[in-house]
Amino acid sequence: MLNGETPEPKTHTLLDSAGVRHGFFTRQGGVSSGLYRGLNVGSGSQDAPEAVAENRRRAAKFMNPRAEAIVTPWQVHSPDAVVVDKPFQGEKPKADGIVTATPGLVIGVVTADCGPILFSDPKAGVIGAAHAGWKGAIGGVLENTIAAMEKTGARRADIRAVLGPSISQRNYEVGPEYVSTFTTQDSSFKRFFIPSPKPDHSMFDLRAFSLHRLEAAGVECAMTDDCTYADEDNFYSYRRATHRKEADYGRQLSAISIRSA
């Protein structure tokens, strides 16, 4: 039930560890209604603030019963990553990657088609999360999140990363300017685009591109097989809402935490 008491996040075996808890949250288990029905955690949405706060509280408690909040940055499609050791006080930093080595602290990112990537080095006790739309992925947010983890004590060879629910290539149509932006950086990036039925347009495989960047960075990686656009029962989608000319859209959470003693 969408308004049930308990959120129902998805997990991935690559991130399974006795010392780390993670979850790619769906719409299940929230109190929001209307366009936002379910577990909308988007503070930037026009949803009732009290509903968003309750949804975020539920998600935080699911991750860690003692957690006061989920620490998420002010996402701006940037390549930047920040390291945190406690909840933000006042205005959040503008960044799209977040890293911590603090046990019990729940960190995460919110998405609605862009790729949420959760990172873990269980040996070093360092975790991270990144929000990677096309701009962040090509701009280096994944590489910068990995670098921030290394500065916090992680070893690249021990980092594992999982790309969570995001838009699939069959639902991600883009104009020729996107192809140009990617192929100008590297002509081989053309392989992430296939022709669209619409003239001069292409279908972009953001998920495959993100996995390519992670693999090129030397990180073991995998992904869940969930398309946010196609699965309305479980996920919010910016592009689906846009195509329907809806007034707004919700956001889902992807979160990770180092288990505290």
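Buried, in these notes, means under 20% relative accessible area, exposed means over 50%, and partly exposed lies in between, with a 1.4 Å probe and protein chains only.

**Entry: ground rules.** I am working from a predicted model, where local features need pLDDT of at least 70, side-chain atom pairs count only at pLDDT 80 or more, and totals for chains, interfaces and linings use all residues. Residues are numbered from 1 along each chain as its sequence is written, and side-chain values use heavy atoms, with hydrogens and water left out.

**Entry: helix 5.** My helices (H or I, at least four residues) and strands (E, at least two) are DSSP runs, numbered from the N terminus. In helix 5 I found Leu206, Arg207, Phe209, Ser210, Leu211, Arg213 and Leu214 buried. After helix 5 comes Gly218, with a positive phi near 85°.

I then looked up Phe209, taking contact as heavy atoms within 4.5 Å. Which residues does Phe209 touch, leaving aside neighbours within four places in sequence? They are Ala137, Ile138, Phe182, Phe189, Phe192 and Phe204.

**Entry: cores.** A nonpolar core here is a set of buried Ala, Val, Leu, Ile, Met, Phe, Trp, Tyr and Cys residues joined through side-chain atoms within 4.5 Å. The largest one has 33 residues, and Ile117, Phe119, Leu142, Phe204, Phe209 and Leu214 touch the most other members. I listed the elements that supply at least two residues each, among them strand 6 (115-121), strand 7 (126-132), helix 4 (176-185) and helix 5 (206-216). Helix 3 gives the most to this core, five residues. There is also a second, separate core of 19 residues, including Val71, Val84, Ala95 and Leu105.

Entry: I count strands as paired if DSSP finds at least two bridges between them. Four strands make an open sheet with mixed pairing, in the order 1-13-5-2. Strand 1 (20-24) and strand 2 (70-71) are at the edges with a single partner strand each, so one side of each has no neighbour in the sheet.

Next I followed strand 5 (residues 106-111). Strand 5 runs antiparallel to strand 13 (residues 252-258), and six bridges join the two. Within that pairing, Val109 has Ser254 as its bridge partner, and Ile107 has Ile256. Strand 5 also pairs with strand 2, in the parallel sense, over two bridges; there Ile70 stands opposite Val106.

Is strand 5 enclosed or open? Six of its six residues are buried, so strand 5 is largely enclosed by the rest of the structure. Val106, Gly108 and Val110 point one way, while Ile107, Val109 and Thr111 point the other.

**Entry: pockets.** On a 1 Å grid over the protein atoms alone, a pocket is an open set of points where a 1.4 Å probe fits, with protein on both sides within 12 Å along at least five of seven lines; lining residues have an atom within 4 Å of a point. The largest pocket has 30 lining residues, and His77, Cys114, His131, Tyr249 and Arg251 lie nearest its centre.
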